[in-house]
Amino acid sequence: MSFRNAPLAVIHDCDKSTLFDPETRAAIDAEVAKYPPEWKQSAVMPALTLVQDANGGWLTRDLMDAVAAYLDMPVVSVYEVATFYGMYDLEPQGRHKVCVCNSVSCLLLGSEELIEHVESKYGVRPGETTPDGRFTFKEVECLGACRHAPAVLLDKTYHEDLSPEALDELIDGLE
Ligand code: FES
């Protein structure tokens, strides 16, 4: 997705936050309330996560613009966050996300084997979704679980010390 023509100014003249459902808006408000009013932009990461979850696991440009407007911050700053961190997705995703860590501890302890296994058994490369839409396969940077490498983040749950067989069991349990 290209943001070359994205406006740099804060959006004040629209209320795209109508894109948020009431529960999402309330949850964002709860995050915003954790910070002084003049620092509400500090809630951008949880806000993006909430909006992404409510949208089936990915962020549209309109939704990112809505977060910017809601938090009174430049849209480009929201795009920067959404494109920098691996937990945000800018394209439709499968019903689940299988994220295999590819950083050094996990690479040394078997994540390459996990990645090759998923590629060969399920026919998806990193960034791709299975034809039945069951899961999107992602390679991600360090998950902060290096002590129990190799680590996999399945949706929002960490799984550690995984073998290909153990990963299969997790994937087989996905609807
Ligand atoms: S290197 Fe994989 S969790 Fe840190």
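Among contacts in the chain between residues at least 6 apart in sequence, 64% join residues at least 24 apart. The model is predicted. Buried residues account for 28% of the 175 residues in the chain, and the C-alpha atoms fill a box of roughly 50 × 35 × 30 Å along the principal axes.

The chain contains seven helices and four strands. Read from the N terminus, the order of elements is α-α-α-α-β-α-α-β-β-β-α. The domain assignment gives domain 1 (16-84) and domain 2 (96-172), with C-alpha centres that lie 28 Å apart.

**Nonpolar cores**

The largest nonpolar core has 20 residues, of which Ala47, Val51, Met64 and Val67 touch the most other members. Helix H2 (44-54), helix H3 (61-70) and helix H4 (75-84) each supply at least two residues of this core. H3 gives the most to this core, with seven residues. Leaving out residues up to four places away in sequence, Ala47 touches Ile28, Glu31, Val67 and Leu71. There is also a second, separate core of 19 residues, which includes Val98, Leu162, Leu167 and Ile171.

E1 is mostly covered, with six of its six residues buried. His96, Val98 and Val100 point one way from this strand, while Lys97, Cys99 and Cys101 point the other way. In a regular strand, side chains alternate between the two faces of the sheet. In E1, the residues pointing either way are all buried.

| E1 and E2 | parallel | six | Phe137 |

**Helix H6**

Helix H6 (residues 111-122) has twelve residues; at 1.5 Å a residue it should span 16 Å, and its end C-alpha atoms are 16 Å apart, which agrees. The buried residues of H6 are Ser111, Leu114, Ile115 and Val118. They cover an arc of only 100° around the axis, so they are on the same side of H6. On the face turned away from that buried side are the exposed residues Glu116, Ser120 and Lys121.

What do the buried residues of H6 pack against? Their partners are strand E1 (96-101), helix H5 (104-108), strand E2 (135-140), strand E3 (152-154) and helix H7 (164-172). Just after H6, Gly123 takes a positive phi of about 70°.

Gly127 is placed in the loop between H6 and E2. Is Gly127 buried or exposed? Gly127 counts as exposed because it has 11 C-beta neighbours inside 10 Å, and the cut-off for an exposed residue is 12 or fewer. From C-alpha to C-alpha, Gly127 and Ala26 are 32 Å apart in space, and they are 101 residues apart in sequence.

Conventions. Residues are numbered from 1 along each chain as its sequence is written. This is a predicted model: local features need pLDDT of at least 70, side-chain atom pairs count only at pLDDT 80 or more; totals for chains, interfaces and linings use all residues. The expected span of a helix is 1.5 Å times one less than its number of residues. The arc is that of the directions from the helix axis to the C-beta atoms. Two residues are in contact if their C-beta atoms, placed from the backbone, lie within 7 Å. Two strands pair if DSSP finds at least two bridges between them. Domain bounds come from an automatic or database domain assignment. A nonpolar core is a set of buried Ala, Val, Leu, Ile, Met, Phe, Trp, Tyr and Cys residues joined through C-beta atoms within 7 Å.
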